[in-house]
Amino acid sequence: MADAIYLDNNATTAVAPEVREAMMPYLTDLYGNPSSIHTFGGQVMKEVDRARGQLADLLGCHPTEVIFTSCGTESDNTAITSALECHPDRRHVITTRVEHPAVRNLCRTLAKGDRGRPAYRLTEIPVDADGEFDMAAFGNALDDDTAVVSCMWANNETGVLFPVQDIGALCRDRGIPFHTDAVQAVGKIPMTLSDLPIDMLSVSGHKLHAPKGVGALYVRRGTRFSPLMLGGHQEASRRGGTEAVAQIVALGKAAELAKANLGKENTEVRAMRDRLENGLLQSTPGARVNGRRDLRLPNTSNISFEYVEGEAILLMLDQHGICASSGSACTTGSLEPSHVLRAMGVPFTAAHGSIRFSLSVYNTMEEMETVLAVLPPIIRRLREISPFGRQDSPAAAAGPQP
Ligand code: PLP
């Protein structure tokens, strides 16, 4: 969308022009199969390995520790099921209350004993009102029966960062595999996996300016591993299926760009996010930030505008060409606040009016000023017509619904 102000980068990102250019030859002339013996295939294999090196460079690990997959969801599923298969005698899974459905739904399915597996015991570690990980509850939950711990690095809705180093250290002490879903963290904060007690880590291409349909899983050398996709010998027999060469080349290039832009994420992107957030807090009564402000990704701001519907805000922003997302999902006809905000205990009237702004290096400060001019009048107008908007209204007096 050429003229849109795109503030929904945690949902997906634009493919960077350099990435598009890098992948194009593999969609046209260089269509060889990397596994082929002939030179035509061999030259393509070299590019797959180059991409592996580029991604390893961003992650701070060895290239042989990178397995290409089709998406973040596949990486999450591979990591967790691999740990379970490698520890068949253990029946306890630990995750958190605020994971993305890619981890949450898998873990809940495991707890039900679906898909021919006996049921696992599942512990979902709580978070506090700031979205912070409950380390004490985690320490108490770990036991000798724990087959895997899966805790995200950065939350997709609030940007709140979890202490993966401390979580991983406790797991390592007890010989428990630790996986982190770092789909939102990779490319936004620096990381050196060789120095961290993380056994497996998930990456998604489309969150860092590569196209959809490619991801990666980091598996630390020495970690016991069992593939999800059985097939050919691709990816050193760790993920069957002919490599999606163009997408892999794209992810490699995107990783190279992300590494070069890490400084900008922490300066320019952070400054734009803070300008937007502070401007909205100052201009709009009843606005509050969800998630601990000093422990977040630099690009994410989740703001609740009390007594207004988030979906209504989004629709009106959309009329001005501004793309963001809300913290509630329209399920079964009712607007259910997100499980993340519910886990943080955000009150009903605030959770319903929550908006997530997620920026990228392609945004500008001018765009932030446009949003600051457009959004406060939208909130005022919606409050005028909302049954909860006027503090003296019977609906407001009745308080939140159950
Ligand atoms: N994990 C997190 C934290 C995410 O935000 C997402 C996507 O929104 C995923 C996993 C899933 O990634 P993909 O869309 O590549 O399957």
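Student: What is the sulfur of Cys151 doing, and how far is the closest cysteine sulfur?
Tutor: This is a predicted model. In it, the sulfur of Cys151 lies 7.2 Å from the closest cysteine sulfur, that of Cys171, which is too far for a bond.

Student: Is Cys151 buried or exposed?
Tutor: Buried, with a relative accessibility of 0%.

Student: And Cys61, what is its closest cysteine sulfur?
Tutor: That of Cys86, at 19 Å, so a bond is ruled out by distance there too. Cys61 counts as buried, at 14% relative accessibility.

Student: Changing topic. Which residues have the most contacts inside the largest nonpolar core?
Tutor: Leu59, Val149, Trp153, Leu193 and Leu201. That core has 68 residues.

Student: Which element gives the largest share of this core?
Tutor: Helix 8, with eleven residues.

Student: Where does the core lie relative to the domains?
Tutor: Between domain 1 (5-10 + 262-384) and domain 2 (17-258), because both give residues to this core. There is also a second, separate core of 28 residues, which includes Leu280, Leu317, Ile355 and Leu382.

Student: Back to Val149. What is it in contact with, leaving aside neighbours within four places in sequence?
Tutor: Val149 is in contact with Ile94, Phe138, Leu142, Ile167, Cys171, Ile176, Pro177, Phe178 and His179.

Student: You mentioned helix 8. How far apart are its end C-alpha atoms?
Tutor: Only 49 Å, for 39 residues (245-283). A straight helix would reach 57 Å at 1.5 Å a residue, so helix 8 falls short of that.

Student: Where does helix 8 bend?
Tutor: At Asn261, by about 50°.

Student: How does helix 4 do on the 1.5 Å a residue check?
Tutor: It agrees: the twelve residues of helix 4 (101-112) should span 16 Å, and the end C-alpha atoms are 16 Å apart.

Student: Which residues of helix 4 are buried?
Tutor: Ala102, Val103, Arg104, Leu106, Cys107 and Leu110. Arg104 is on that list along with the Val and Leu residues.

Student: What covers them?
Tutor: The cover includes helix 3 (72-86) and helix 10 (339-343), together with strand 3 (92-96), strand 4 (121-125), strand 5 (146-150) and strand 6 (178-181).

Student: What comes just after helix 4?
Tutor: Gly113, which takes a positive phi of about 80°.

Student: Which residues other than glycine have a positive phi?
Tutor: His209 and Ser237 are among them. His209 has a phi of about 70°, and phi of Ser237 is near 65°.

Student: Where are they placed?
Tutor: His209 is in the loop between strand 7 (200-204) and strand 8 (215-219). Ser237 is in helix 7 (residues 234-237).

Student: Buried or exposed, for His209?
Tutor: Buried, at a relative accessible area of 13%. Ser237 counts as partly exposed, at 39%.

Student: One last residue. Where is Pro88?
Tutor: In the loop between helix 3 and strand 3. Pro88 is exposed, with a relative accessible area of 57%.

Student: And how far is Pro88 from Met191?
Tutor: They are 31 Å apart in space, C-alpha to C-alpha, and 103 residues apart in sequence.

Key. Residues numbered from 1 in each chain as written. Predicted model: local features only at pLDDT ≥ 70, side-chain atom pairs only at ≥ 80, totals over all residues. Heavy atoms only, no water. Helix = DSSP H or I, 4+ residues; strand = E, 2+ residues; numbered from the N terminus. Buried < 20%, exposed > 50% of the residue type's maximum accessible area, 1.4 Å probe, protein only. Contact = heavy atoms within 4.5 Å. Disulfide = S-S within 2.5 Å. Bend = angle between axes of the 7 residues up to and from the residue. Core = buried A, V, L, I, M, F, W, Y, C linked by side-chain atoms within 4.5 Å. Domains from an automatic or database assignment.
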